[in-house]
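Reader: I have just opened this structure for the first time. Could you take me through it?
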Protein chains: 2
Amino acid sequence: MAADSLPGGTTPTVVILGLGLIGGSLARALHGSGFSHRCIGWGHREASLQRGLELGVIDAYTLDLEEAVDAADILVIATPTLVAEQMLEQILPRLRQRGQPPVITDVASVKGSLQRTAEAVWGGMPPRLVLGHPIAGSERSGVEASDAQLFVNHRVILTPVEANEPAAVELVRAMWLSTGAEVVDMGVAEHDTVLAATSHLPHVLAYALVDALASGDASEDIFRFAAGGFRDFTRIASSDPVMWRDIAIANRSALLQAIDQFSDRLGQLRAAIDRGDGDSLLDTFDRAKTARDAFAALLASRTGS
Amino acid sequence: MAADSLPGGTTPTVVILGLGLIGGSLARALHGSGFSHRCIGWGHREASLQRGLELGVIDAYTLDLEEAVDAADILVIATPTLVAEQMLEQILPRLRQRGQPPVITDVASVKGSLQRTAEAVWGGMPPRLVLGHPIAGSERSGVEASDAQLFVNHRVILTPVEANEPAAVELVRAMWLSTGAEVVDMGVAEHDTVLAATSHLPHVLAYALVDALASGDASEDIFRFAAGGFRDFTRIASSDPVMWRDIAIANRSALLQAIDQFSDRLGQLRAAIDRGDGDSLLDTFDRAKTARDAFAALLASRTGS
């Protein structure tokens with residue numbers, strides 16, 4: 001179902017559950033692209049929704065979840081990971097009663113835990129639930145920080161499964177493409193492994209480093225003499241602790257594997273330092289620099305930054 | 001000995017051994033401040049020295065180490081850490097023959113290894129050798145990237161010892177103050193511990209992470225889906241491998257201690273993830289975020305960035 005093939009040629013009504021940075025930015029982008037002329041917000045905090053309305057991010061809002069679901073052609077769960085699981089538990093049972101339930105998607109950082117929740121509630125993967133994950137974010141948060149350009153040239157990973165209706169997958173794909181994102185498909189397990197390595201593990205390492213230094217005896221001195229490299233390295237330790245607790249728990253198995261893989265490598269480096277093995281250190285540092293420089297070049301070519 | 005108290009009221013001749021980013025930037029800054037009107041470069045690669053002369057970074061150069069040492073009121077060893085040890089081994093024996101040897105300082109990232117080298121060669125710490133470390137750098141390197149403003153509002157750590165002539169310490173301090181740096185004194189062991197924690201350990205972690213990911217099966221995918229947070233976190237893995245091999249070896253003992261302290265904390269986080277202990281994760285992430293935000297505020301207030 002393409003955006004323009006809805007009954008009467010209208011564009012889909014998109015209901016966003018959770019109007020934060022990601023949900024608000026998606027609404028702005030969908031307005032801007034003409035993909036949807038009706039974005040409705042739902043949440044618990046009326047002040048945020050009211051602000052979203054004033055800013056023109058959404059066209060309407062409701063505090064009533066049933067009303068929100070009923071209004072939707074596309075329902076986007078734009079809450080943190082563990083809340084998204086709870087949303088599915090609340091929403092899916094009600095959809096059994098609807099003839100044509102909305103297409104549902106989400107933006108959470110872990111996909112396996114949501115799939116397991118959906119399967120448990122529905123007894124299999126719901127055909128119109130297409131899990132997704134935009135690889136975009138900002139140090140800022142909340143609807144005030146929302147930005148129609150947030151997804152331009154960023155990747156959105158969809159993890160469709162056999163049970164999905166092809167038309168539902170294509171509608172979610174069309175929605176993200178209209179924001180300027182590049183959409184790629186991936187398996188659920190592969191997504192969680194890749195994100196554990198590139199995002200979840202680095203966050204755990206940054207938190208562990210800052211906490212280890214902050215609780216040492218010389219912590220005051222240590223931070224006084226840290227410089228720009230340390231600032232960049234630890235920037236992600238300023239991320240939202242609740243969001244990252246949820247991700248660490250939701251992606252436990254892939255994250256533990258990534259931690260162990262990293263710890264092995266660190267142990268090898270430690271042993272090389274201990275025995276003064278400069279050749280081994282140089283080999284590793286060289287390989288890492290080559291890989292990191294290639295990654296930086298790739299990222300620069302993709303984002304123009 | 002203040003800069004203006006040299007015989008005849010002239011400013012000191014500063015000889016820089018190794019005309020890279022740090023040495024070149026120091027020469028530019030000393031010219032700019034009027035601390036020295038005569039900066040002489042020494043090195044192995046004449047092309048770099050010639051370029052430094054053309055750019056006005058230095059006033060003269062020589063390839064002859066004896067000539068360089070003889071010309072110096074202040075000798076700055078601006079080479080990487082392990083080369084700095086070799087320079088001391090070459091220079092110190094010659095100084096015995098000079099009535100008034102130059103004041104010597106350096107810019108290396110590790111101080112204990114240089115102190116041990118100097119003591120072994122001289123039979124104690126030479127009174128006019130004042131070890132130092134400017135906490136400044138850039139992703140760029142070489143004399144072409146040198147910048148008179150590099151040290152402005154950055155810290156320079158000096159690690160004077162009992163055996164030092166007070167006048168020698170004050171001359172090195174005056175030199176760095178003239179570049180716009182903030183100069184602080186610290187013990188040799190304390191310097192190496194603080195730098196192991198804030199700089200050497202993060203580099204080892206970044207190298208270990210990138211190398212672990214690059215050698216996994218899914219490495220291509222992994223880097224394709226990494227985003228901005230990963231770029232910041234791994235930026236320091238693009239640093240010069242030779243320089244970091246040298247630092248890791250020179251600061252072995254403090255670095256091993258920092259790695260072990262970090263590994264303990266990571267092990268605790270791993271255990272909390274494994275048992276699904278959200279409260280413990282949230283405690284750690286919260287503490288780390290608070291410490292990191294405080295550090296970022298401190299750094300911003302210091303650099304105005």
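Reader: How many residues of chain B are in contact with chain A?
Author: In this predicted model, 81 residues of chain B are in contact with 81 residues of chain A, where contact means heavy atoms within 4.5 Å.

Reader: And what area is buried there?
Author: About 7,900 Å² is buried between chain B and chain A, and carbon and sulfur atoms give 70% of it. Buried area is the accessible area (1.4 Å probe) that two parts lose on being put together, summed over both.

Reader: Which residues of chain B lose the most area to chain A?
Author: They are Phe225(B), Phe233(B) and Arg292(B), which together make up 10% of what that side buries.

Reader: How many salt bridges does the rule find across that interface?
Author: Eight are found between chain B and chain A. The rule asks for a side-chain nitrogen of Lys or Arg within 4 Å of a carboxyl oxygen of Asp or Glu. Asp211(A) and Arg265(B) form a salt bridge, with their closest N and O atoms 2.4 Å apart.

Reader: What about polar contact?
Author: The interface of chain B and chain A has 25 residue pairs in polar contact, both residues at pLDDT 80 or more. Such a contact is a pair of N or O atoms within 3.5 Å; within protein, one must be able to donate a hydrogen and the other to accept it, and residues adjacent in sequence count only if both atoms are side-chain atoms.

Reader: Which element supplies the largest share of chain B's side?
Author: H7(B) does, with 17 residues of the side that touches chain A. Helices (H or I, at least four residues) and strands (E, at least two) are DSSP runs, numbered from the N terminus.

Reader: Changing topic: how is chain A divided?
Author: Chain A has domain 1 (3-186) and domain 2 (192-274), with bounds from an automatic or database domain assignment. Their centres, taken over C-alpha atoms, are 31 Å apart.

Reader: What do those two domains bury between them?
Author: Domain 1 and domain 2 of chain A bury about 900 Å², 68% of it on carbon and sulfur atoms. In contact there are 14 residues of domain 1 and nine residues of domain 2. The count of salt bridges between these domains of chain A is zero.

Reader: Finally, how are residues and chains labelled, and what is counted?
Author: Residues are numbered from 1 along each chain as its sequence is written, and chains are lettered from A in the order in which they are written. Local features need pLDDT of at least 70, side-chain atom pairs count only at pLDDT 80 or more, totals for chains, interfaces and linings use all residues, and side-chain values use heavy atoms, leaving out hydrogens and water.
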